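Work through the exercises below with the sequence and the structure at hand. Try each task before you read its solution.

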Amino acid sequence: MTSGRDIVVVGAGVFGVTASLELARRGWAVTLVDRGPPPHAEASSTDISKMVRMDYGSDVFYHELAEAALDGWKEWNRLWPRPLYHDEGFLVLSAGPMEPGGFEYESHRVLVERGYAPPRVRADELRRRHPKWNADAYPDGYFSPRGGWAESGAVVRQLSLEAASAGVQIREGSVAGLDGSVGFDGGGGREQGVRLEGRALLSADHVLVCAGAWTPRLLPETAPVLTSVAQPVLHFGVDEPSAYRGPAFPPFAADIAGSGWYGFPALEDGRLKLGHHGPGRTVEPDRRGDVSPDHVAHARRFLARAIPSLTDAPLVGSRVCMYCDSRDGDLLVDRVPDRAAVTVAAGGSGHGFKFAPVLGKIIADAVEERTNRWSPRFRWRAPTEPRSEEARLTGGDPNA
């Protein structure tokens with residue numbers, strides 16, 4: 001256990017804000033620092049929506065973790081001024097028959113084995129229940145009724161308000177780095193904490209780094225495990241939003257292992273989000289650039305084949321979302337070796353947001369060196385061979 005109870009949390013995305021709230025409730029004096037008020041426009045936790053689902057192929061660990069998080073999403077909906085999680089299910093489509101070993105088949109199998117009854121959606125059923133889809137392109141699939149999507153930016157905003165009410169001090173400023181006394185051993189009266197640009201020091205007994213794609217820059221020792229990766233997101237406009245919302249048009253993954261495409265129902269203002277989960281581009285997060293015209297053209301080819309009515313839908317927005325990918329796709333939540341009072345919580349790998357209701361406790365337990373049910377898989381580890389691209393696509397959620 002740490003001897004002090006003052007902590008600076010770097011990064012006010014979903015990792016940082018949930019951890020700050022939980023730590024404050026445990027009696028810590030928490031300062032949460034980010035470059036601007038949460039949700040920050042450049043954080044991966046921002047944007048209009050993130051997927052929430054239990055579908056993880058044969059990986060029962062993440063299925064069970066998402067199951068626990070779903071209970072939390074329901075509780076947050078009950079407590080918050082308005083629901084920010086939308087329980088609309090998750091449509092999983094396959095470009096061919098679902099077969100053993102494939103993401104769609106294995107996800108369906110695990111759901112059934114764990115007591116759920118996700119109905120199969122073959123071409124005739126897709127044509128009848130989800131008429132916007134080209135059923136000829138997706139002869140098989142299923143509908144997972146327990147899942148949906150969350151208003152991601154609004155969730156971070158709500159959590160930051162709760163954190164402030166719990167006593168968390170939210171401080172704006174760009175972090176230049178951890179203070180020179182990198183051991184954080186508290187000996188010799190040395191100052192320790194987080195150094196902001198302009199040389200201001202936020203002193204603390206402990207530092208928690210939840211900086212997402214900026215983590216390898218602040219903690220170079222994580223660079224062998226974590227990589228900053230840019231992924232494109234597009235927003236299209238639709239004239240009839242009600243035709244592109246549930247139950248006829250729920251959140252979807254369209255042959256995700258083969259194509260990388262996923263998307264969401266239209267918002268009331270007509271924005272429909274389409275994302276692509278692929279290898280992305282390894283970049284510095286402050287140099288992410290813009291979504292390329294080639295990718296927009298690629299998206300339109302997908303729409304023309306899969307959802308023909310959206311072929312010529314106007315592009316009303318685009319965003320380059322920064323993932324903090326771990327090489328094995330697992331989160332990294334643990335004390336940092338040789339830094340006795342530094343904890344890192346990162347490596348969302350494009351699928352961390354859905355776990356928001358349970359993230360705070362997992363991270364706070366790491367700070368306090370407590371073991372919980374989930375922590376062994378997220379511990380500090382040596383670099384491994386990266387997952388195959390199919391494993392990354394199916395084990396890491398599309399932008400969720």
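**Exercise 1. Sort the lining of the second largest pocket into nonpolar, polar and charged residues.**

Step 1. Sort the lining: six residues are nonpolar, three polar and eight charged.
Step 2. Locate the pocket. Of its 17 lining residues, His 86, Trp 149, Glu 151, Leu 267 and Glu 268 lie nearest the centre.
Step 3. Find the main contributor. Helix H5 (residues 152-165) gives the largest share of this lining, four residues.

This is a predicted model, where local features need pLDDT of at least 70 and side-chain atom pairs pLDDT 80 or more, while totals for chains, interfaces and linings use all residues. Residues are numbered from 1 along each chain as its sequence is written, and side-chain values use heavy atoms, without hydrogens and water.

**Exercise 2. Describe the largest pocket: which residues lie nearest its centre?**

Step 1. Take the volume: about 670 Å³ of space lies in this pocket.
Step 2. Go to the centre. The lining has 43 residues, and Cys 210, Ala 211, Gly 212, Ala 213 and Trp 214 lie nearest the centre.
Step 3. List the elements. Among those that give two or more residues are helix H1 (14-25), strand S9 (175-178) and strand S18 (315-326).
Step 4. Pick the top one: S18 gives the most, four residues.
Step 5. Sort the lining: 21 residues are nonpolar, 15 polar and seven charged.

**Exercise 3. Is helix H9 mostly covered or mostly open?**

Step 1. Find the helix. H9 covers residues 356-367 and has 12 residues.
Step 2. Check its span. From first C-alpha to last, H9 reaches 17 Å, close to the 16 Å expected at 1.5 Å a residue (1.5 Å times one less than the number of residues).
Step 3. Count buried residues (under 20% relative accessible area, with a 1.4 Å probe and protein chains only). H9 is mostly covered, with 11 of 12 buried.
Step 4. Name the partners. The buried residues of H9 pack against elements including strand S1 (6-10), helix H2 (60-79) and strand S12 (206-209).
Step 5. Look just past the end: Glu 369 takes a positive phi of about 55 degrees.

**Exercise 4. How does the radius of gyration of the protein compare with that of a compact globule?**

Step 1. State the rule: 2.2 Å times the number of residues to the power 0.38, with the radius taken over C-alpha atoms.
Step 2. Apply it. For 400 residues the rule gives a value near 21 Å, and the protein has 21 Å, which agrees.

Technical notes
1 Å grid on protein atoms, 1.4 Å probe; cavity = no way out; pocket = protein on both sides within 12 Å on 5 of 7 lines; lining within 4 Å. Points joined across faces, edges and corners; volume = space filled by probe spheres on them. Nonpolar A, V, L, I, M, F, W, Y, C, P; charged D, E, K, R; others polar. Buried < 20%, exposed > 50% of the residue type's maximum accessible area, 1.4 Å probe, protein only. Contact = heavy atoms within 4.5 Å.
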